[in-house]
Amino acid sequence: MDKLRDLTIKKFHRELLDKKFSALEITQDFFKYIDVRDKEIDAYLSLREDEALREAGAVDVALAAGENINVLSGVPLAIKDNMLIYGGPTTGGSKILENYKAAYDSTVISKLKDKGAVFLGKTNMDEFAMGSSTENSAFKVTKNPHDLTRVPGGSSGGSAAAVASHMAIAALGSDTGGSIRQPASFCGVVGLKPTYGAVSRFGLMAMASSLDQIGPLTKTVEDAAILFKAIAGVDKRDSTSVEREYGDSLTNPKLEDIRNLTVGIPDEYFRDGLDKEVSEAVTGAIKDLESLGIKFKKVSLSHTKDALSVYYIIMPAEVSTNLSRFDGIRYGTREEAKNLSDLYFENKGAGFGAEVKRRIILGTFVLSAGYHDAYYAKAQKVRRLIKEDFEKVFDSGVDVILTPVASTPAFKIGEKTDDPMQMYLSDIFTIPVNLAGLPGISIPVRGREGKLPVGFQLIGKPFREADILGIGQFYEKLGEQQR
Amino acid sequence: MDLNVDYMAKLARVKLTEKEEKKFSNDLVKILDHFKDLQAVDTEGVAPLTGGHNLKSVMREDKAEPFKDGEELREAFPDRDGNYLKVPPVFE
């Protein structure tokens, strides 16, 4: 167990090369540990033991043959269950896909397979990524490894909990309004939401296509950089994806570059409603970063208060369109029906959970005749204003923006399930980043051993993941010097 | 607020239970109430932002590529007759 606890991608690679263990042995150790630990955490929906052991064995064979291996070769990963891995179950956390088996690999999985990564299993999530606590899963409730009575956050709660409880070295999640960063904050791990377009969404179950991005959940910022670099890039199967040359700066930031960055602190993110513990933790992180020589500046993002409304109009609108494909015709469960129209009603009625239905109803409403302009079109205009707020700040000499990730630490299981508005409010600090298409990262505030984890968020310019990952990597090193 | 949950469910072809219909009506009143502030935002002359970024349209050759042998997709059919997908009658 201790061996698994200490492993990062970087350390795993070094020790694999040093022959301290074989990829197969480590993979077996992970499954043994998952067998015990996941009984209380419930992070995984399905395991890929046979396939993973085969994948790990292939890495050992390549090593023995003297081949050069990638830094991700043999690394045991957990994958959110809305990304397709060929031949295996992919449920999206929904009953409607309970028996679905993926017919192809998502692009992120193909890229990681090429590098020899090992996939341990698929992780629990809110149904079709709709939720902030993983309680909306049709199958089980994942617990926060730091306190089993609390939620791991969501919707990538299974991935965050798996990494935090050492049941995987790293994981992939998806983030539409905070679904990577908020669970990362609640579980005390690193979570990166890349720039919109940086990572292909092919093979990711679409929730809200103009907001969704895949990203890593890891133990260290350095690992997040490694995993991000491996999955980024243009893909002809996702026309919104783009090619960027990231170079060495992602994984090897230079302190002199980092010191030249100016970080903006937006007043709107530090007002009432922010938990005192979170406020103190984030202030502590700012002090630490000042000690690195980074300059700070007060900034304003005046449309922040409108972001939640904009999000809860645009996202359900896209949800109501995207989820119409679950009609029981070509795949998924099929209910008894006397005719085709009846089948649609019966199938969605029986297959979808309450939150999914609520969002479909809301999305249908904001797109319906007579309401489209007042809601959907209005929200799209305010979305532009939110994006322009960020652009103005970045144009004023600010490189990175620092905010809290969530207004509280992890809340109790069941605390917010009856009141959707309360649940929605838990994403207010992460939503603007998706609306503006920017990269954002949640990094655990250090020195909180024995307390519930709290993350701080760094928001970067488009395709400047290197800035936020760079600051994060030096923040992490501060901790190492003191230990 | 005139959100008729029953009518929206019909448009979206989703069957709701009575309990769901009642709960959603209550929930959505609260959610729509939250949207009110948005109407006060000045958006005169602002163009709608319709996607995730400002990038230009991407063009590619319209060329079909075979997808494996297709059987993987057919295996997922809820009902089939040989290589055909079976669906309930469109008309009763």
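1. A word on helix axes first, as they come up below: axes are lines fitted to C-alpha atoms, for helices over the stretch in contact, and angles run from 0 to 180 degrees between N-to-C directions. Helices (H or I, at least four residues) and strands (E, at least two) are DSSP runs, numbered from the N terminus.

2. Some ground rules. This is a predicted model, where local features need pLDDT of at least 70 and side-chain atom pairs count only at pLDDT 80 or more, while totals for chains, interfaces and linings use all residues. Residues are numbered from 1 along each chain as its sequence is written, chains are lettered from A and ligands numbered from 1 in the order in which they are written, and side-chain values use heavy atoms, with hydrogens and water left out.

3. Chain A has 17 helices and 11 strands. Its radius of gyration is 21 Å, close to the 23 Å that the globule rule gives for 483 residues, so chain A is as compact as a globular protein of that length. (The radius is taken over C-alpha atoms, and the rule is 2.2 Å times the number of residues to the power 0.38.) Along the principal axes, the C-alpha atoms of chain A fill a box of roughly 65 × 55 × 45 Å.

4. How much of chain A is buried? The share is 66% of the 483 residues, where buried means under 20% relative accessible area, exposed over 50%, and partly exposed in between (1.4 Å probe, protein chains only). Contact means heavy atoms within 4.5 Å. Among contacts in chain A between residues at least 6 apart in sequence, 76% join residues at least 24 apart.

5. The C-alpha trace of chain B spans about 55 × 45 × 25 Å along its principal axes, and 28% of the 92 residues are buried.

6. Now the inside. A nonpolar core is a set of buried Ala, Val, Leu, Ile, Met, Phe, Trp, Tyr and Cys residues joined through side-chain atoms within 4.5 Å. The largest one holds 174 residues, and A:Leu112, A:Phe128, A:Phe390 and A:Phe456 touch the most other members. Helix H11 (residues 307-322) of chain A gives the most to this core, with 10 residues. Beyond its neighbours within four places in sequence, A:Leu112 has contacts that include A:Leu72, A:Phe119, A:Leu172 and A:Ile231.

7. How does H11(A) sit against helix H13 (residues 354-367) of chain A? Their axes are 7 Å apart, at an angle of about 105 degrees. That makes H11(A) roughly perpendicular to H13(A); the label covers 65 to 115 degrees, with under 35 as roughly parallel, over 145 as roughly antiparallel and the rest as oblique. The contact residues divide into 10 nonpolar, four polar and one charged. Here Ala, Val, Leu, Ile, Met, Phe, Trp, Tyr, Cys and Pro count as nonpolar, Asp, Glu, Lys and Arg as charged, and the others, Gly among them, as polar.

8. Compare helices H3 and H4 of chain A, whose axes come within 7 Å and cross at roughly 155 degrees. H3(A) and H4(A) are therefore roughly antiparallel to each other. Their contact residues split into seven nonpolar, three polar and two charged. Both helices are also among the elements covering the buried residues of H2(A), which are A:Ile9, A:Phe12, A:His13, A:Glu15 and A:Leu16.

9. A few backbone spots to look at. A cis peptide bond joins A:Gly154 and A:Ser155, with omega about 10 degrees; A:Ser155 lies in the loop between strand S3 (118-123) and helix H6 (157-164) of chain A. A:Ala129 is found in the loop between S3 and H6 too. The phi of A:Ala129 is positive, near 70 degrees, and this residue counts as buried at 6% relative accessibility. In chain B, B:Arg13 has a positive phi of about 55 degrees and is partly exposed, at 36%.

10. Lastly, A:Pro432 lies in helix H16 (residues 431-436) of chain A and counts as buried at 1% relative accessibility. Leaving aside neighbours within four places in sequence, A:Pro432 is in contact with A:Tyr269, A:Ala307, A:Ile386 and A:Phe390.
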